[in-house]
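Morning, everyone. Please look at the screen while I go through a few side chains and one loop.

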Amino acid sequence: MTGLRVELYELVDDEDDLWYAFGFNKPSVPRRPRCQRTWSSPAAAPVLVFVDWDDARRAENYRVTITELATPPNELASQIVEESEHTFSGLAPGTNIRATVAARNTKVGESSPSVPAKGTVP
């Protein structure tokens, strides 16, 4: 597939609909990366929150955000990471939180946040 894509770059214009015939997106219309799912769970040690998600196509890194479920919502932590998991520490025990992930790449920016995973800090 890689060889086919390289050859198509040499032969087909970036705007040509022929890209779709070969099962590729047009290079001129890049898509934002999307996270498939997100969930949070307590790690073995107390006061840690582990967030894990599926890899997103075309993602170079991810923004993981922990928000307190309050009115109004209060962002507790946000981190840009390259792996599809992250552990947060230093959160107050008993805090009701939600975790979201946005996939990012330098070509098209950042996706919308994932559906939040909700939980309570152990």
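This is a predicted model: local features need pLDDT of at least 70, side-chain atom pairs count only at pLDDT 80 or more; totals for chains, interfaces and linings use all residues.

Residues are numbered from 1 along each chain as its sequence is written, and side-chain values use heavy atoms, with hydrogens and water left out.

Start with T95, in the loop between strand 5 (85–89) and strand 6 (96–105). Is T95 buried or exposed? Buried means under 20% relative accessible area, exposed over 50%, and partly exposed in between, using a 1.4 Å probe and protein chains only. T95 has 12%, so it counts as buried. Contact means heavy atoms within 4.5 Å. Setting aside neighbours within four places in sequence, T95 contacts E68, L76, G119, T120 and V121.

Now the charged residues. Side chains of opposite charge can pair when their charged atoms come close. A salt bridge here is a side-chain nitrogen of Lys or Arg within 4 Å of a carboxyl oxygen of Asp or Glu. That rule gives two salt bridges.

One joins R63 and E110, with the closest N and O atoms 3.1 Å apart. R63 is in strand 3 (residues 61–68) and E110 in strand 7 (residues 109–110), so this pair links distant parts of the chain, 47 residues apart. E110 also forms a salt bridge with R104, again 3.1 Å from N to O. Shared partners therefore join R63, R104 and E110 into one network.

Conventions. Helices (H or I, at least four residues) and strands (E, at least two) are DSSP runs, numbered from the N terminus.
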